[in-house]
Amino acid sequence: MLPIGDHMWCSCGSQIFVISPRNATVEHLFSTHNNTSAQVYKMVSCGSGVWLAIRNSPVIRLFHAKTGEHLEDYDISTVVHHLFTGSLSAAQRRRAENVRVTALLASANTGALWIGTSSGVIVVVPICKPPVAPKVSGPPFLSFMGHYDGVRFLMQAQSRVKKFIAAESNDQEAVFEEITSQVVISCGKGMEDFRDLESNASQTLSEGQNSSYLVVWHYPAADETT
């Protein structure tokens, strides 16, 4: 279930029921896939669009939030396969096979669609900001940090950090300014650095790598410099 404006989107198999909570009636019904055995797994809204993930599929689909019109498909399998290309580890090559979407997060503020996968890789896709539909607007990015198994969830939160402002002259004192920033959090088994796949391939999973980890990404504020 997903609240969209003053309606609720409820999925059942491959169909979406648009329900009005005021009178408890189905005002619109549409199918999300030609395969009737397909099942909607995840739904996230962003502006005038809703992105859907189909269970056991690497493809996500974009629908118009008001009309239910199908606007776009996006396949993440090629991006994930490219990351593991050339890996000497059979286990890592298997992780690139049968990739599927396991988590979704759409951020209108940052104009990004975060996609968690069954291989632990997190794909970040730029999307158009409101008021236009949140279609893909550029090439994807792969996070260097991820998990050893499927991404369990993605969420967004606010973080307050203190920014150091140096004194401009001897007559002034340095101060700390509090800035509110956005952070994205992922959860999965262990934490893996995909920049060093060959080193990771020779290691066995330790007790810590079998534990649940949270990975946090920080989005700088518009006026924050690095």
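**Entry 1: overall.** I am working from a predicted model. The chain has 226 residues, and 43% of them count as buried. I then checked the accessible surface, which comes to about 12,500 Å². Carbon and sulfur atoms account for 51% of that surface. For contacts between residues at least 6 apart in sequence, I noted that 51% join residues at least 24 apart.

**Entry 2: the cores.** I looked up the largest nonpolar core and found 24 residues in it. Trp 51, Ile 60, Tyr 74, Leu 113 and Ile 115 have the most contacts inside this core. I traced which elements supply at least two residues each: helix H1 (77-84) is one of them, and strands E5 (40-46), E6 (49-54) and E7 (59-64) are also among them.

**Entry 3: Leu 113.** I listed its contacts, setting aside neighbours within four places in sequence. Among them are Val 44, Trp 51, Ile 60, Leu 104 and Val 123.

**Entry 4: Val 79.** I located Val 79 in helix H1. Is Val 79 buried or exposed? Its relative accessibility is 17%, and the cut-off for buried is under 20%, so Val 79 counts as buried. Beyond neighbours within four places in sequence, Val 79 is in contact with Tyr 74, Val 123, Pro 140 and Leu 142. I checked the Val 123 pair: 44 residues apart in sequence, 8.1 Å apart from C-alpha to C-alpha.

Technical notes
Residues are numbered from 1 along each chain as its sequence is written. This is a predicted model: local features need pLDDT of at least 70, side-chain atom pairs count only at pLDDT 80 or more; totals for chains, interfaces and linings use all residues. Side-chain values use heavy atoms; hydrogens and water are left out. Buried means under 20% relative accessible area, exposed over 50%, partly exposed in between (1.4 Å probe, protein chains only). Contact means heavy atoms within 4.5 Å. Accessible areas come from the Shrake-Rupley method with a 1.4 Å probe; for residues, only the protein chains shown count as cover. A nonpolar core is a set of buried Ala, Val, Leu, Ile, Met, Phe, Trp, Tyr and Cys residues joined through side-chain atoms within 4.5 Å. Helices (H or I, at least four residues) and strands (E, at least two) are DSSP runs, numbered from the N terminus.
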